[in-house]
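Please keep the sequence and the structure in view while reading.

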Amino acid sequence: PDSIVTKGGTGVGISNPYQLYVSGKYAYVVNYDNARLSVFDVSNPDSIVAKAYTSVGLHSPLCVYVSGKYAYVGDGWQFLCIFDISNPDSIVTGATTNVGISAPQNLYVSGKYAYVSNYGNNTLSIYDVSNPTAIVIRGNTGVGLSQPEGVYVSGKYAYVASAGNSQLRIYDISNPDSIVTKGNSTDSLGWCTGVFVSGKYAYVADAGATSLSILELNNTDTPTFNTGAATISNLQVYDNAQFDNDV
(Lines give C-alpha, C1' and ligand atoms only; values in the text may rest on other atoms or scores of the structure.)
Protein backbone atom coordinates (compact mmCIF):
# COMPACT_ATOMS: atom_id res chain seq x y z
CA PRO A 1 0.00 0.00 0.00
CA ASP A 2 2.99 2.33 0.25
CA SER A 3 3.90 1.87 -3.40
CA ILE A 4 1.27 1.50 -6.11
CA VAL A 5 2.53 -0.28 -9.22
CA THR A 6 0.90 0.32 -12.59
CA LYS A 7 -0.07 -2.88 -14.41
CA GLY A 8 -2.08 -3.31 -17.62
CA GLY A 9 -4.29 -0.83 -19.39
CA THR A 10 -6.58 -0.67 -22.39
CA GLY A 11 -8.53 1.85 -24.39
CA VAL A 12 -10.43 -0.66 -26.53
CA GLY A 13 -14.06 0.44 -26.71
CA ILE A 14 -13.51 2.97 -23.94
CA SER A 15 -15.00 6.45 -24.29
CA ASN A 16 -15.47 8.62 -21.20
CA PRO A 17 -15.76 5.69 -18.77
CA TYR A 18 -17.94 6.81 -15.90
CA GLN A 19 -17.94 3.88 -13.48
CA LEU A 20 -16.85 0.25 -13.21
CA TYR A 21 -17.38 -2.88 -11.15
CA VAL A 22 -15.06 -5.89 -10.82
CA SER A 23 -16.43 -9.36 -10.15
CA GLY A 24 -14.29 -12.49 -10.39
CA LYS A 25 -11.94 -12.16 -13.36
CA TYR A 26 -14.02 -9.59 -15.21
CA ALA A 27 -14.32 -5.80 -15.11
CA TYR A 28 -17.59 -4.19 -16.21
CA VAL A 29 -17.31 -0.60 -17.46
CA VAL A 30 -20.04 1.88 -18.41
CA ASN A 31 -18.95 4.38 -21.07
CA TYR A 32 -20.88 7.63 -21.20
CA ASP A 33 -19.87 8.89 -24.65
CA ASN A 34 -20.41 5.76 -26.73
CA ALA A 35 -23.29 4.47 -24.56
CA ARG A 36 -21.75 1.09 -23.84
CA LEU A 37 -21.55 -1.51 -21.15
CA SER A 38 -18.23 -3.25 -21.79
CA VAL A 39 -16.75 -6.43 -20.32
CA PHE A 40 -13.00 -6.97 -19.92
CA ASP A 41 -11.09 -10.05 -18.82
CA VAL A 42 -8.66 -8.80 -16.16
CA SER A 43 -7.43 -12.22 -14.96
CA ASN A 44 -3.98 -11.25 -16.22
CA PRO A 45 -3.46 -7.71 -14.87
CA ASP A 46 -0.61 -7.15 -17.34
CA SER A 47 -2.83 -7.87 -20.34
CA ILE A 48 -6.46 -6.75 -20.31
CA VAL A 49 -8.63 -8.50 -22.91
CA ALA A 50 -11.81 -6.89 -24.27
CA LYS A 51 -14.78 -9.25 -24.33
CA ALA A 52 -18.37 -8.33 -25.18
CA TYR A 53 -20.10 -4.97 -25.13
CA THR A 54 -23.65 -3.75 -25.64
CA SER A 55 -25.40 -0.46 -26.31
CA VAL A 56 -28.92 -1.89 -26.35
CA GLY A 57 -31.21 0.38 -24.32
CA LEU A 58 -28.34 2.64 -23.28
CA HIS A 59 -27.94 6.35 -24.02
CA SER A 60 -25.67 7.83 -21.34
CA PRO A 61 -24.86 5.17 -18.71
CA LEU A 62 -23.55 6.56 -15.44
CA CYS A 63 -23.32 3.68 -12.97
CA VAL A 64 -23.02 -0.11 -12.83
CA TYR A 65 -23.30 -2.82 -10.17
CA VAL A 66 -22.79 -6.55 -10.68
CA SER A 67 -24.48 -9.22 -8.59
CA GLY A 68 -24.38 -12.88 -9.57
CA LYS A 69 -24.90 -13.24 -13.32
CA TYR A 70 -26.50 -9.83 -13.79
CA ALA A 71 -25.20 -6.31 -14.35
CA TYR A 72 -27.41 -3.43 -13.27
CA VAL A 73 -26.91 -0.13 -15.09
CA GLY A 74 -28.25 3.32 -14.30
CA ASP A 75 -28.64 5.39 -17.46
CA GLY A 76 -28.70 9.18 -17.44
CA TRP A 77 -31.66 9.15 -19.82
CA GLN A 78 -33.83 8.00 -16.89
CA PHE A 79 -33.48 4.21 -17.05
CA LEU A 80 -32.51 1.34 -14.79
CA CYS A 81 -31.45 -1.62 -16.97
CA ILE A 82 -30.57 -5.25 -16.26
CA PHE A 83 -28.19 -7.31 -18.40
CA ASP A 84 -27.44 -11.03 -18.24
CA ILE A 85 -23.63 -11.31 -18.22
CA SER A 86 -23.38 -15.06 -17.54
CA ASN A 87 -21.65 -15.38 -20.92
CA PRO A 88 -18.97 -12.65 -21.01
CA ASP A 89 -18.79 -12.99 -24.80
CA SER A 90 -22.47 -12.22 -25.30
CA ILE A 91 -24.40 -9.76 -23.12
CA VAL A 92 -28.17 -10.30 -23.09
CA THR A 93 -30.55 -7.41 -22.42
CA GLY A 94 -33.12 -7.95 -19.66
CA ALA A 95 -35.67 -5.66 -18.03
CA THR A 96 -35.70 -1.87 -18.14
CA THR A 97 -37.68 0.67 -16.14
CA ASN A 98 -37.96 4.45 -16.04
CA VAL A 99 -40.38 4.60 -13.09
CA GLY A 100 -38.95 6.94 -10.48
CA ILE A 101 -35.63 7.21 -12.33
CA SER A 102 -34.09 10.61 -12.98
CA ALA A 103 -30.38 10.97 -13.78
CA PRO A 104 -29.29 8.03 -11.60
CA GLN A 105 -25.79 8.70 -10.27
CA ASN A 106 -25.17 5.51 -8.37
CA LEU A 107 -26.76 2.22 -7.42
CA TYR A 108 -26.21 -0.64 -5.01
CA VAL A 109 -27.68 -4.13 -5.22
CA SER A 110 -28.24 -6.20 -2.08
CA GLY A 111 -30.22 -9.42 -2.16
CA LYS A 112 -33.23 -8.94 -4.41
CA TYR A 113 -33.27 -5.16 -4.22
CA ALA A 114 -31.54 -2.37 -6.13
CA TYR A 115 -31.06 1.00 -4.42
CA VAL A 116 -30.71 3.98 -6.76
CA SER A 117 -29.70 7.57 -5.99
CA ASN A 118 -31.48 9.89 -8.42
CA TYR A 119 -29.68 13.18 -8.96
CA GLY A 120 -32.43 14.61 -11.15
CA ASN A 121 -35.41 14.30 -8.79
CA ASN A 122 -33.50 14.22 -5.45
CA THR A 123 -34.64 10.76 -4.35
CA LEU A 124 -33.50 7.38 -3.14
CA SER A 125 -35.53 4.62 -4.80
CA ILE A 126 -35.76 0.89 -4.08
CA TYR A 127 -36.54 -1.65 -6.80
CA ASP A 128 -37.35 -5.34 -6.58
CA VAL A 129 -35.05 -6.98 -9.17
CA SER A 130 -35.72 -10.60 -8.17
CA ASN A 131 -37.28 -11.13 -11.61
CA PRO A 132 -34.67 -9.89 -14.13
CA THR A 133 -37.38 -9.57 -16.79
CA ALA A 134 -39.64 -7.27 -14.73
CA ILE A 135 -38.35 -4.53 -12.41
CA VAL A 136 -40.83 -3.40 -9.73
CA ILE A 137 -40.47 -0.15 -7.80
CA ARG A 138 -40.95 -0.38 -4.04
CA GLY A 139 -40.02 2.47 -1.68
CA ASN A 140 -39.03 5.99 -2.60
CA THR A 141 -37.98 8.99 -0.51
CA GLY A 142 -36.71 12.49 -1.06
CA VAL A 143 -36.51 13.48 2.62
CA GLY A 144 -33.32 15.41 3.25
CA LEU A 145 -31.86 14.78 -0.20
CA SER A 146 -30.43 17.32 -2.61
CA GLN A 147 -28.60 16.11 -5.72
CA PRO A 148 -27.71 12.72 -4.21
CA GLU A 149 -24.72 10.92 -5.69
CA GLY A 150 -23.14 7.98 -3.84
CA VAL A 151 -25.21 5.23 -2.19
CA TYR A 152 -24.05 2.28 -0.08
CA VAL A 153 -26.13 -0.37 1.69
CA SER A 154 -25.00 -2.14 4.86
CA GLY A 155 -27.37 -4.29 6.87
CA LYS A 156 -30.70 -2.53 7.20
CA TYR A 157 -29.39 0.93 6.37
CA ALA A 158 -28.76 2.87 3.17
CA TYR A 159 -26.13 5.62 3.31
CA VAL A 160 -26.49 8.38 0.73
CA ALA A 161 -24.02 11.14 -0.11
CA SER A 162 -26.28 14.15 -0.64
CA ALA A 163 -24.03 16.54 -2.52
CA GLY A 164 -26.38 19.50 -2.88
CA ASN A 165 -26.82 20.06 0.86
CA SER A 166 -23.42 18.66 1.92
CA GLN A 167 -24.80 15.82 4.01
CA LEU A 168 -24.40 12.10 4.58
CA ARG A 169 -27.94 10.79 5.02
CA ILE A 170 -28.88 7.48 6.66
CA TYR A 171 -32.13 5.61 5.95
CA ASP A 172 -33.65 2.50 7.47
CA ILE A 173 -34.55 0.27 4.51
CA SER A 174 -35.60 -2.83 6.49
CA ASN A 175 -39.09 -2.37 5.00
CA PRO A 176 -38.47 -1.69 1.29
CA ASP A 177 -41.98 -0.27 0.91
CA SER A 178 -41.45 2.37 3.56
CA ILE A 179 -38.05 4.08 3.81
CA VAL A 180 -37.50 5.69 7.21
CA THR A 181 -35.15 8.65 7.69
CA LYS A 182 -32.57 8.19 10.43
CA GLY A 183 -29.53 10.37 11.08
CA ASN A 184 -27.44 12.71 9.00
CA SER A 185 -24.07 14.39 9.27
CA THR A 186 -22.77 17.67 7.93
CA ASP A 187 -19.45 17.64 9.78
CA SER A 188 -16.68 18.94 7.51
CA LEU A 189 -18.58 17.91 4.37
CA GLY A 190 -18.88 19.85 1.14
CA TRP A 191 -19.97 18.44 -2.23
CA CYS A 192 -19.89 14.77 -1.13
CA THR A 193 -19.96 12.42 -4.09
CA GLY A 194 -19.21 8.91 -2.82
CA VAL A 195 -19.65 6.80 0.31
CA PHE A 196 -18.35 3.41 1.47
CA VAL A 197 -19.27 1.82 4.80
CA SER A 198 -17.12 -0.67 6.70
CA GLY A 199 -18.01 -1.65 10.25
CA LYS A 200 -18.92 1.43 12.27
CA TYR A 201 -17.29 3.92 9.91
CA ALA A 202 -18.44 5.70 6.77
CA TYR A 203 -15.80 6.89 4.31
CA VAL A 204 -16.92 9.88 2.24
CA ALA A 205 -15.31 11.26 -0.91
CA ASP A 206 -15.81 15.01 -0.86
CA ALA A 207 -15.24 16.94 -4.08
CA GLY A 208 -16.25 20.21 -2.46
CA ALA A 209 -13.72 20.06 0.35
CA THR A 210 -11.24 18.11 -1.81
CA SER A 211 -10.91 15.53 0.92
CA LEU A 212 -11.57 12.03 2.20
CA SER A 213 -13.59 12.14 5.41
CA ILE A 214 -14.17 9.31 7.91
CA LEU A 215 -17.32 9.47 9.99
CA GLU A 216 -18.18 7.30 12.99
CA LEU A 217 -21.68 5.88 12.80
CA ASN A 218 -23.32 6.20 16.19
CA ASN A 219 -26.55 4.50 17.28
CA THR A 220 -26.81 2.36 14.17
CA ASP A 221 -26.82 -1.41 14.02
CA THR A 222 -23.38 -2.05 12.51
CA PRO A 223 -22.28 -5.44 13.81
CA THR A 224 -18.63 -6.29 13.19
CA PHE A 225 -16.92 -9.63 13.73
CA ASN A 226 -13.17 -9.99 13.29
CA THR A 227 -11.36 -13.28 13.80
CA GLY A 228 -8.14 -14.91 12.73
CA ALA A 229 -9.68 -18.35 12.20
CA ALA A 230 -13.14 -19.89 12.35
CA THR A 231 -14.61 -23.35 11.82
CA ILE A 232 -18.23 -23.25 10.65
CA SER A 233 -20.41 -26.21 9.71
CA ASN A 234 -22.89 -24.16 7.70
CA LEU A 235 -22.76 -20.56 6.57
CA GLN A 236 -25.80 -18.61 5.38
CA VAL A 237 -25.34 -15.07 4.06
CA TYR A 238 -28.41 -12.89 3.57
CA ASP A 239 -26.77 -9.97 1.81
CA ASN A 240 -23.23 -9.83 0.42
CA ALA A 241 -20.04 -11.71 1.27
CA GLN A 242 -16.57 -10.44 0.39
CA PHE A 243 -13.44 -12.63 0.53
CA ASP A 244 -9.94 -11.24 0.16
CA ASN A 245 -8.30 -14.47 -0.93
CA ASP A 246 -9.58 -17.98 -1.62
CA VAL A 247 -12.81 -19.75 -0.78
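## The second largest pocket

Strand β1 gives the largest share of the lining of the second largest pocket, namely five residues. The model discussed here is a predicted one. Strand β1 covers residues 17-23, and at least two lining residues come from each of β1, β5 (61-67), β9 (104-110), β13 (148-154) and β17 (192-198).

How much space lies in this second largest pocket? The computed value is about 560 Å³. A total of 24 residues line the pocket, and those closest to its centre are Tyr21, Tyr65, Tyr108, Tyr152 and Gln242. When the lining is sorted by class, 15 residues are nonpolar and nine are polar, while no charged residue is present.

## Salt bridges

Side chains of opposite charge can pair when their charged atoms come close. In this model, the count of salt bridges comes to five. One of them joins Asp46 to Lys7, with 3.2 Å between the closest N and O atoms. The two partners belong to distant parts of the chain, 39 residues apart: Asp46 is in the loop between β3 (36-41) and β4 (49-54), whereas Lys7 is in the segment before β1. Lys7 has a relative accessible area of 46% and is therefore partly exposed, since that value lies between the limits of 20% and 50%.

A salt bridge is also found between the side chains of Asp128 and Arg138, at 3.5 Å from N to O. Is Asp128 buried or exposed? With a relative accessible area of 12%, Asp128 is buried, because this value is under 20%.

## A nonpolar patch on the surface

Which residues form a nonpolar patch on the surface? They are Ile232, Leu235, Val237 and Phe243, and together they have about 430 Å² of accessible area.

## Two residues with positive phi

Ala103 is not a glycine, yet its phi is positive, near 50°. Ala103 sits in the loop between β8 (92-97) and β9. With 18% relative accessibility, Ala103 counts as buried, because the value is under 20%.

Thr210 likewise has a positive phi, of about 50°, although it is not a glycine. This threonine, Thr210, lies in the loop between β18 and β19. What is the relative accessible area of Thr210? The value is 71%, and Thr210 is therefore exposed.

## Separation in sequence and in space

Strand β18 (residues 201-206) contains Ala205. This residue, Ala205, is partly exposed, with 34% relative accessible area. Ala205 and Gly194 are 11 residues apart in sequence, and their C-alpha atoms are 4.9 Å apart in space.

Another pair is Thr181 and Val204, which are 23 residues apart in sequence and 19 Å apart in space, taken from C-alpha to C-alpha. Thr181 is placed in strand β16 (residues 180-185). Its relative accessibility is 28%, so Thr181 counts as partly exposed.

How values were computed: Residues numbered from 1 in each chain as written. Predicted model: local features only at pLDDT ≥ 70, side-chain atom pairs only at ≥ 80, totals over all residues. Heavy atoms only, no water. Patch = residues over 30% accessible without salt bridge, like charges linked within 9 Å, V, L, I, M, F, W, Y side chains within 5 Å. Areas by Shrake-Rupley, 256 points an atom, 1.4 Å probe, with all protein chains shown as cover. Salt bridge = Lys/Arg side-chain N within 4 Å of Asp/Glu carboxyl O. 1 Å grid on protein atoms, 1.4 Å probe; cavity = no way out; pocket = protein on both sides within 12 Å on 5 of 7 lines; lining within 4 Å. Points joined across faces, edges and corners; volume = space filled by probe spheres on them. Helix = DSSP H or I, 4+ residues; strand = E, 2+ residues; numbered from the N terminus. Nonpolar A, V, L, I, M, F, W, Y, C, P; charged D, E, K, R; others polar. Buried < 20%, exposed > 50% of the residue type's maximum accessible area, 1.4 Å probe, protein only.
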